[in-house]
Amino acid sequence: MAAKKASESFSKTLIEEVHKWGCMKQTGVSLRYMMEFGSKPTQRNLLISGQFLHKELPIRIARRAIELESLPYGLSEKPAVLKVPSFFYALMGLLLFSVRDWYLDSFRDLRSFPEIKDTNDEREFTQMIKAIKVRHNNVVPMMALGVQQLKKGMDPKIVYEDLDEIHQFLDRFYMSRIGIRMLIGQHVELHNPNPPLHCVGYIHTKMSPVEVAQNASEDARCICLREYGSAPEVNIYGDPKFTFPYVPTHLHLMVFELVKNSLRAVQERYMDSDRVAPPIRIIVADGIEDVTIKVSDEGGGIPRSGLPKIFTYLYSTARNPLDEHSDLGTADTVTMAGYGYGLPISRLYARYFGGDLQIISMEGYGECSLLWFDHLNSCKIKVKL
């Protein structure tokens, strides 16, 4: 069940070109530049944007393909350390190499596309990168399944520090993925003939964090209701008129994950109790330097020994979803928890434009999650990964 190397599935010339482009320097793009450039999506600006992506995307995609090619073999050199049966290595390798093949296919599509010289070329290119974005929609669940297979077969005595190489790789991989999808999505959305008010591509110049938090909380409660039959209330405090420039889909993902975690913790703690489950509290604060979003609950918190692990990709306080559902690789449903991906990926989204995510736990009481964004300099942060 061994996965094939890229050289066995793709031409030698393509692999050599991937390594050549993977060594090239990436170009940083700031949020401010994307806002200013995209505010006037003229045919000339769209042409310039398309020409930039035609050269930039192959570099970023090549780097990820190279890492995906080398990581599983690096892991397989440590069976004695991780004590994982060969079956789980083979299955993890098969899943990760499927993702690698998506990246190689996308690199080939980009390099096969001719030089962009006019508006017609740019429109065809836009349709092509739009298809590439769709091709990579399932990268996160596929990678999650691969890592969960590793976890399922791993000796429980293995300490998470021994897996630092895997966590660093996944951080780099997912941060880069955020950047690639942001660049593609921004360019594609600039073609929207009827963009929403105050939106420049993916960026909302007057985004209300309170409104986004409300939508994300409603979505999280729907998942909780589906899984448990009931859901704690979510109370949101903050000025709904306060706005700042940001990407609503990014903030929605972060708040959704944090609220989802809190809902699960509270629901499971009070499921068999006569007491009414206390609400989740969200506070949105507009400071001089920072925008801060606090999500707090009374779900019992996390033991102090577990705090160093919460931002790793192999840790979760919930049941492993692979033990509950055998068809997660093909299902479209969102599970309440168990992959261990929500917190680390949410932190990457926060850090993408210069913010961060911190978790404070009071074992026996609850948890407090703090999302903060640099109010003064967020528009100056460059996207390099």
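Contact here means heavy atoms within 4.5 Å, and helices (H or I, at least four residues) and strands (E, at least two) are DSSP runs, numbered from the N terminus. This is a predicted model, in which local features need pLDDT of at least 70 and side-chain atom pairs count only at pLDDT 80 or more, while totals for chains, interfaces and linings use all residues. Residues are numbered from 1 along each chain as its sequence is written, and side-chain values use heavy atoms, with hydrogens and water left out.

1. Let us start with the three-stranded sheet. This open sheet has the order β2-β3-β5 with antiparallel pairing; two strands pair if DSSP finds at least two bridges between them. Its edge strands are β2 (199-200) and β5 (244-246), each pairing on one side only. β2 is joined to β3 (residues 203-207) by two bridges, and the two strands run antiparallel. The bridge partner of valine 200 is isoleucine 203 in β3.

2. Next, the helices on that sheet. Helix α3 (residues 31-38) lies across β2, β3 and β5 and runs at about 95° to β3. Helix α11 packs on the sheet too, touching β3 and β5, and its direction makes about 85° with that of β5. For these angles, axes are lines fitted to C-alpha atoms, for helices over the stretch in contact, and angles run from 0 to 180 degrees between N-to-C directions.

3. The five-stranded sheet is worth a look as well. This open sheet has mixed pairing and the order β4-β6-β7-β9-β8. Its edge strands, β4 (234-237) and β8 (356-362), each pair on one side only. On average, neighbouring strands of this sheet are turned by 15° against each other, direction ignored. β4 and β6 (residues 280-286) run parallel and are joined by four bridges, and valine 234 stands opposite isoleucine 280 in β6.

4. Helix α13 lies across β8 and β9, and runs at about 140° to β8.

5. Now to the aromatic side chains. The whole structure holds 14 aromatic pairs; rings of Phe, Tyr and Trp (its six-membered ring) pair if their centres lie within 6.5 Å, and planes under 30 degrees apart count as stacked, over 60 as edge-to-face and the rest as tilted. The rings of tyrosine 174 and tyrosine 341 have centres 5.5 Å apart and planes at 80°, so this pair is edge-to-face. Tyrosine 174 lies in helix α9 (residues 164-189) and tyrosine 341 in the loop between α12 (321-324) and α13 (342-352), so the pair ties together parts that are 167 residues apart in sequence.

6. Are these two tyrosines buried or exposed? Tyrosine 174 counts as buried at 2% relative accessibility, and tyrosine 341 counts as buried at 6%. Buried means under 20% relative accessible area, exposed over 50%, and partly exposed in between (1.4 Å probe, protein chains only). One aromatic cluster is formed by Tyr103, Phe169, Phe173, Tyr174, Tyr313 and Tyr341.

7. A charge over a ring deserves a mention. The charged end of arginine 347 sits over the ring of phenylalanine 311, 4.1 Å from its centre; the rule asks for NZ of Lys or CZ of Arg within 6 Å of the ring centre and within 35 degrees of the ring normal.

8. How many salt bridges are there? The count comes to 13, with a salt bridge being a side-chain nitrogen of Lys or Arg within 4 Å of a carboxyl oxygen of Asp or Glu. One of them joins the side chains of arginine 172 and glutamate 67 (2.7 Å, N to O). Arginine 172 lies in helix α9 and glutamate 67 in helix α4 (residues 43-76), so the pair ties together parts that are 105 residues apart in sequence. Arginine 172 is partly exposed, with a relative accessible area of 40%, whereas glutamate 67 is buried, at 16%. Arg64, Glu67 and Arg172 are linked in a network of salt bridges.

9. Arginine 281 forms a salt bridge with glutamate 298, and their closest N and O atoms are 3.4 Å apart. Arginine 281 is in strand β6 and glutamate 298 in the loop between β7 and α12, 17 residues apart.
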